[in-house]
Amino acid sequence: MPRPLLLVLATLCVFVVTTAILLQLMPGPLKSMDYFVVGTVATLMSLLALFLVIIGTSSAAREIFFKRRKKKL
């Protein structure tokens, strides 16, 4: 499978699992604001997971946030 398709499927799985867990944890009866909160948290979690996977598997993962300076002679 190509890498972008695999990333999309993994992100979608994280979203679905997070949504299912949060819907089970929320006390009923659910209102529209509850669904909004669940969708927001699930989106945040899936984007965080996508970010961490991209950073972790990137070839330049060590220099994402900080770049080392070359030593001056």
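The exercises below work through a predicted model, each with a task and a solution in steps.

**Exercise 1. The span of helix α1**

Task: Work out why the distance between the end C-alpha atoms of α1 agrees with its number of residues.

Solution: Begin with the extent of the helix, since α1 covers residues 3–25, and this stretch holds 23 residues. The expected span is 1.5 Å times one less than the number of residues, and for α1 this comes to 33 Å.

**Exercise 2. How the helices pack**

Task: Describe at what angle α1 and α2 pack, and how far apart their axes are.

Solution: Take α1 together with α2, the helix formed by residues 32–57. The two pack at an angle of about 145°, and a distance of 8 Å separates their axes. The next step is the sense of the crossing, which is right-handed where α1 passes α2. Sorted by class, the residues in this contact are 14 nonpolar, seven polar and one charged.

**Exercise 3. Buried residues of α1**

Task: Find which residues of α1 are buried, and state what they pack against.

Solution: The buried residues of α1 are Leu7, Thr11, Thr18 and Thr19, and the buried residues of this helix pack against α2. Consider Thr18 in detail: its relative accessibility is 14%, and because buried means under 20%, Thr18 counts as buried. When neighbours within four places in sequence are left aside, Thr18 is in contact with Val41, Ala42 and Met45. For Thr19 the relative accessible area is 19%, so this residue is buried by the cut-off of under 20%. Thr19 touches Val38 and Ala42, again without counting residues up to four places away in sequence.

**Exercise 4. The loop between the helices**

Task: Identify which residues are joined by a cis peptide bond, and say where Pro29 lies.

Solution: The cis peptide bond joins Gly28 and Pro29, with omega at about -5°. Placing this on the chain, Pro29 lies in the loop between α1 and α2.

How values were computed
Residues are numbered from 1 along each chain as its sequence is written. This is a predicted model: local features need pLDDT of at least 70, side-chain atom pairs count only at pLDDT 80 or more; totals for chains, interfaces and linings use all residues. Side-chain values use heavy atoms; hydrogens and water are left out. Axes are lines fitted to C-alpha atoms, for helices over the stretch in contact, and angles run from 0 to 180 degrees between N-to-C directions. Helices (H or I, at least four residues) and strands (E, at least two) are DSSP runs, numbered from the N terminus. A crossing is left-handed if the near helix is turned anticlockwise from the far one by less than a right angle, and right-handed if clockwise. Ala, Val, Leu, Ile, Met, Phe, Trp, Tyr, Cys and Pro count as nonpolar, Asp, Glu, Lys and Arg as charged, and the others, Gly among them, as polar. Buried means under 20% relative accessible area, exposed over 50%, partly exposed in between (1.4 Å probe, protein chains only). Contact means heavy atoms within 4.5 Å.
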